[in-house]
Structure formats: C-alpha cells, structure tokens
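Start with the coordinates, then follow the pairs one at a time.

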Amino acid sequence: LPLGWKASGVRPKSVGNFVSESIGGRNALSLELNEGQPGLLVQTTSPVGTLRAGRTYELRVNYLAAKNRKTSVKLVAATGNAEIDKLQLLPTDGQWRQTALRFLAASDQPFHVHVLHDGKTEDGKTAIGSVEVLDVSR
C-alpha cells in the first residue's frame, strides 16, 4: 500500500487484496474481496487535512468499479472517528469516472479518509485513482 495508508478486514473472515497497481495507465489503489463476509477497509494512518467551520468543501474521487455498488469513501473525524460525510461510489462498467460531493463543515477538525469496500466476491475490484478534499468556498 502507499505510505500513509493501512488496510484491514472489518468483519470476521473477510479476506481480500489491497494492491497499489497501474490500471488503464493510471496508478490506483485496488480493493477486492477474495473470500468471507464483505468488508474491506483502507484508511489513512494520520489526518490528511483540517476542515474549517462554515467553509464549503468538495470531496472528489476518481475511481473504477466493475459491478460493485457497495464501496464508499468517507471523511472521518481524527478524534472520535465520527463520520463527517460519505460518498457512495456507483458502478462504472470498468471505466474511470470522477464523482464529487459538496458539504459544509460544521466545526474545525482534522480528518482521515476511509475507503470501505462492502462488495461480494462476484462484484469484482474497485480501484481508487485519487481522493481530494478541496475548499470551494466563495
């Protein structure tokens, strides 16, 4: 995995692949369940930024997903692990796609990024090309 990320199964007997690889000419972090109950998690090991109260942010994700409808990218508070916001990733039929979510920060807080892959083995691989959190306040 890239430096600053860690991976784990979140349910008993979840076994999967977490691989940094080139897919379609892009560097990506891929997640794929091999066996057991769905539930693979990749997360940052330290906060990747700080949100400021009252500011508007956009979470942007470049990704590829064959059939999987169960992968989400979450922003999680560094203290207490409370979910700040979540972007559900839809199938892309094997094509790279960018999706985004705008949100208003309720408080000043550092945050982590979590990618939760809850797909079954037949759902195939989800690959994350990039995750960005941008201040889009005017």
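Some terms come first. Buried means under 20% relative accessible area, exposed means over 50%, and partly exposed lies in between (1.4 Å probe, protein chains only). The model is predicted: local features need pLDDT of at least 70, side-chain atom pairs count only at pLDDT 80 or more, and totals for chains, interfaces and linings use all residues. Residues are numbered from 1 along each chain as its sequence is written, and side-chain values use heavy atoms, with hydrogens and water left out.

How many salt bridges does the structure hold? There are four. A salt bridge here is a side-chain nitrogen of Lys or Arg within 4 Å of a carboxyl oxygen of Asp or Glu.

Take D135 and R55. Their side chains meet in a salt bridge, 3.0 Å from N to O. The two residues sit 80 residues apart: D135 is in strand β11 (residues 126-135), R55 in the loop between β5 (49-51) and β6 (56-65). Strands are DSSP runs (E, at least two residues), numbered from the N terminus. D135 is partly exposed at 39% relative accessibility. R55 is partly exposed too, at 35%.

Now turn to E58. This residue is buried, with a relative accessible area of 10%. E58 forms a salt bridge with R60, their closest N and O atoms being 2.4 Å apart. R60 is partly exposed at 25%.

E58 also pairs with R102, at 2.9 Å between the closest N and O atoms. R102 is partly exposed, at 46%. Together, E58, R60 and R102 are linked in a network of salt bridges.

Notes. Helices (H or I, at least four residues) and strands (E, at least two) are DSSP runs, numbered from the N terminus.
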